[in-house]
Amino acid sequence: MPILERRIIGFLCNWCSYGGADAAGVSRFTQPTDLRVVRLPCTGRMNPIFVVKALLAGADGVLVSGCHPKDCHYSEGNYYARRRLEVIKRFLPVLGIEPLRFEYTWVSAAEAKRWQEVVTAFTEQIHALPPVPRLPDDTGIERLLRELENSPLPICGCHAGHE
Amino acid sequence: MNNTEIMKNVLERASVLLAWGPGHDALHASPLFARKAHDVDKVVMDVRAVQSLAAYLPPLFQSEKEGRIAVLARPCHVRSITALLQEELIPVERLILVVLPCQGKLDMAKVMAACPAAESLDAAFVDGDNLVINADGRQWLLRLETMLSPACVRCPMPELPDAMIPEGCECVRLDGQARRPGEGGYAALDAFMEKTPQERWEFWKQEMSRCIRCYACRNACPMCVCRDHCVASARDPHWLSELDSVTDKLLFQVIHATHLAGRCTGCGECTRACPMGIPVGLLKMQMNKIVEELFGYKAGMDSKATPPLLTFEAIEKNIREKGK
Amino acid sequence: MRIGVFVCHCGSNIAATVDPAAVAMAADSMPEVAYATDLMYACAEPGQKAIVEAIGEYRLTGVVVASCSPRMHEPTFRKTVERAGLNPYLFEMANIREHVSWIGKDKEANTRKATDLVRMAVEKLRRDAPLHSRRFPVTKRVLVIGGGIAGIQAALDCAEGGLDVVLVEKEATIGGKMAKLDKTFPTVDCSSCILGPKMVDVAQHPRITLHALSEVEELSGFVGNFKAKIRKKAPYVDWNLCTGCGACLAKCPSKKATDRFNEETGLTTAITIPFPQAIPKKAHINPEFCRHFMTGKCGVCAKICPAKAIRFEQEDEIVVEEVGAVIAATGYDLADWSGYDYLGGGRFPDVITGLQYERLLSASGPTGGHVVRPSDGREPKTVVFIQCVASRDPSKGRPSCSGFCCMYTAKQAVLTRDHCPDSKVHVFYMDVRAPGKMYDEFIRRAVDEYGVDYIRGRVSQIFRKGERYVVRGADTLAGAQVEVEADLVVLAVGAQAAHGAEKLAERLHISYDDQGFFMEGHPKLRPMETNTAGVFLAGACQGPKDIPSSVAQGSGAAAKALCLFAKGVLENDPQIANVRPGRCVACGKCVKTCPFGALNIVEARGRRTAEVVETVCKGCGICTATCPQGAIQLQHSTDNQILAEVNALCRF
């Protein structure tokens, strides 16, 4: 059977949205299975470049979710995130990347239902788009090299000690 | 006092005057670090003086040997310097701005396209409205207006308004005639955005496959103060691989544009510096447009302003709120 | 690194919709994984033992557990690996229960997702560095915010346990809602008789500092070392001199001031003491009604005061208290029911809230304990109680049950029959919820012994008929519409968080729900804790509670504070930012954006660099996202770790 999933990466703040996603699980709110979550301490930790990095690396969609404004566990993190993420969302079109591939939102730890709705809606949004376009070089020897780089052994001496 | 005398006078108060001097041929000017009065006689400051000297300032100020540092700047360069002052990366009390009224900067790509023989020229000079090139035993007359950088043609600010002199900064103005102001805006970007998303994606795919990862764009950028610590050449953090990959090349451009969000003054140095002629400045232009739309902010206009991505408002006027 | 991966079945919680053995097998071929297996219950004793043994047997240097949410058991497993000799931060979790097995039934897709999450955890773990906590001293003082019964209990228990306590109360007296009650259910004993002595204990306890008429404006610092900025509002009376004799109250010519303590069932003087048993028993002036403040002419109180304590020129005072823990006990307020037009929305003088009725019942209230109609002072012949006003009403955005209204309505019905033996009492109810010790028995007594008429159904309208009111509603058991003519209608209005609770939550850096109630650390297992270390909850600020539950939670929160300080030193969370001076260009962007002032630019070995103040950094990572060179990295959430997680998902 072909895999009908898309590759969706979620960056969730630990205190609100990750808790909301947990609460949605505890409540057994059914959700699509495409999303994989990276847990962050705060959306303020979210470097907007992670969004583009993920999309260029082959993610079909990126979802960032944190605490509602005013409710940041660290007071101000989501305020910084809001500016940075809005900027990067508006930046995507110049690269020719569909801006609908990226959304950011706020879901509190109490909003299990809302988390279910956010995940479901975003997954549908990504399924309505074709798979993310890829740049041509990420195959063959380059990929092999990357795998090698991931191996515990250093590729060569020149990389050791290099920052 | 004529301009040379003014600059010599400034040099009496400064340990160095950053200026432009003769380049490798008659069409180019090179940075000149004038330390003695007679160095000032070599200064070139016509359309050939294109490079922003702002990029030299942060490392130069770190040197304890330097006293005050004077820098020759066009109004667009002043914005970069103001942006550096905003981030407290250079000390205002040690800076002397020497501002010249701008007649525009040559776009060498245009010159080379109009006159390929200029590769090995015998002489070149400005004569009224024309750029005159002698090469291959022939003479070319190029209308200067058509040889300027597109940013200069649209530049709304060839003369520096008094309000833009950074607070507390000594500023000396040179004599001269500035060109007439252009209408500003983002015309090149708007034209690019007329393309379909697929065309834009294909455009970058093609353009970035020509990138040779020389990082001239970064090195020319006055706001790239990370210098040797740029993430592009780091393994920790390891944002970019060492592979010759289009993905990583494009990602670097995104990193550069993102790091410049709310900081880029649109000086155009990145595009000018690119030896492959890739219009990387488009990405920064998009960033500047977004920042202007969202925060009503342009970098380098006010030395006391905080760049918008280093601050926030509890309620953002121009961002539609999510959730609840 | 030699990584061990343990995939938990969680009984059938995970194994029913994920194949743990398949996940373990896939994990076996992931980079640097030396051992992978599945376990029935990883968190149970045998599961933890298996992990400890495997660490020894396979010489593991890092562990991934794929099970429930790390918000649940990360601390558990960190201790497990630490017991086996590993650094507790060489551990990662993959959340394959809340995020996988519980949200979908497609076993194949779930197994694939679980495998991806394990791969992410492995890639993150490969880039983990051992981290070590710093120990720091603590201030063994507790700030209790709110002097209701929960706050009083918390303050007394902390003080008895040897901690110095700072108790901050917004009103001029402690006592909270309980002080306003006449009697308490199900024992019908006098509220102020059981509360009063505790209030006196607070006043007399040498370890308790009470700031009444005060609010917390700012809380900075971190667990063990908070600084609270407290605004003491000017009472315009020097409380050091005021003896609470009440002479000023007797002579004050402005007698039409809002009486907040009596729930506005009566009026009071501009200079006032909320009630006879108030603690502190000190007078304060309400400048909104004081003639001196309004016209500049008066000053009768100043003339009459035998202690010469009146200070019209007094200004708010800011005090800063250093404390190591905070207990929020700000209680509740009744929901705003002005939008309930069909109940009159507050327009009918004889349709009042249950709390107002308590003041009419109370001997210290405006009527001296005589039950009379606010409109004409006559004793009511028929009293109707309506339950679930602004409760269990999703259409008004108030879906929850406040839990204690059924009981106090029954109590008030019983007291009505006591006060006015020839009155008729009707109660409109949806369900009677009485799940406490002797609670249901009490309801039965109201019906059987006191003849209270319980009508099961909602009220559709109240309208005036002459001097009386018609309450129209449904009797769903009889299947008929009923109309009752009443002299007085008492509404059991639901509870919401106290006014200003959300603002306080923001100041304390804790979360709150859509009714403003503060969020507990875990709905079952951490009801007293918040997600901010050192900030605890007591009483109805966490959710509606009756008196015994509030007292219990007050004691519980005190126990939490005492536990926290039992060691004398605390260990910080080492997952904080770290600067690599070699990469830092001292551009100061991190300093600008840090919300806690945890970063400074310092001169080190001849060059300028950013430096993290380890006890102040809370580990949010804003600096890491801000630093263009990546010179400052949030440990355990570094750029390389997040990039590795992304790459783990985008392998091809």
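**Entry 1: a salt bridge inside a helix**

I started with Glu108(C), which forms a salt bridge with Arg112(C), their closest N and O atoms being 3.6 Å apart. By salt bridge I mean a side-chain nitrogen of Lys or Arg within 4 Å of a carboxyl oxygen of Asp or Glu. The model I am reading is predicted, so I noted that local features need pLDDT of at least 70 and side-chain atom pairs count only at pLDDT 80 or more, while totals for chains, interfaces and linings use all residues. Residues are numbered from 1 along each chain as its sequence is written, chains are lettered from A and ligands numbered from 1 in the order in which they are written, and side-chain values use heavy atoms, with hydrogens and water left out.

Both Glu108(C) and Arg112(C) sit in helix H6 of chain C, four residues apart, about one turn of the helix. Helices here are DSSP runs of H or I with at least four residues, strands are runs of E with at least two, and both are numbered from the N terminus. I looked up Arg112(C) and found it partly exposed, because its relative accessible area is 26%. The scale I used is this: buried means under 20% relative accessible area, exposed means over 50%, and partly exposed lies in between (1.4 Å probe, protein chains only).

Which residues share this network of salt bridges? I found Glu5(A), Arg36(A), Glu108(C), Arg112(C), Asp116(C) and Arg119(C) joined into one network by salt bridges that share partners.

**Entry 2: where chain C meets chain A**

Next I looked at the interface. I see 56 residues of chain C in contact with 55 residues of chain A, contact meaning heavy atoms within 4.5 Å. The two chains bury about 4800 Å² between them, with 55% of it on carbon and sulfur atoms. Buried area is the accessible area (1.4 Å probe) that two parts lose on being put together, summed over both. Of the area that chain C buries against chain A, Arg71(C), Trp102(C) and Ile103(C) supply 13%, more than any other three residues.

How many salt bridges cross this interface? The rule finds five between chain C and chain A. I checked one of them: Asp22(A) pairs with Arg71(C), with the closest N and O atoms 3.8 Å apart.

I also noted 18 residue pairs in polar contact across the interface of chain C and chain A, both residues at pLDDT 80 or more. A polar contact is a pair of N or O atoms within 3.5 Å; within protein, one must be able to donate a hydrogen and the other to accept it, and residues adjacent in sequence count only if both atoms are side-chain atoms. Several elements of chain C each supply at least two residues to the side that touches chain A, among them helix H4 (70–83), helix H6 (107–126) and strand S34 (632–634). H6(C) gives the most, with nine residues.

**Entry 3: a covered strand in chain C**

Is strand S4 (residues 91–95) of chain C mostly covered or mostly open? I found it mostly covered, with five of its five residues buried. Phe91(C), Met93(C) and Asn95(C) lie on one side, Glu92(C) and Ala94(C) on the other, and all are buried. Strand S3 (residues 62–67) of chain C runs parallel to S4(C), joined by five bridges. Two strands pair if DSSP finds at least two bridges between them. In this pairing, Ser67(C) has Asn95(C) as its bridge partner.

**Entry 4: a hairpin in chain B**

I moved to chain B, where strand S5 (residues 121–127) and strand S6 (residues 130–135) run antiparallel and are joined by six bridges. Asp127(B) stands opposite Asn130(B) in S6(B). The two strands form a hairpin with two residues between them, and Gly128(B) in the turn has a positive phi of about 60°.

**Entry 5: charged residues in chain B**

Asp244(B) and Lys249(B) meet in another salt bridge (2.8 Å, N to O). Asp244(B) is exposed, with a relative accessible area of 55%, whereas Lys249(B) is buried, at 5%.
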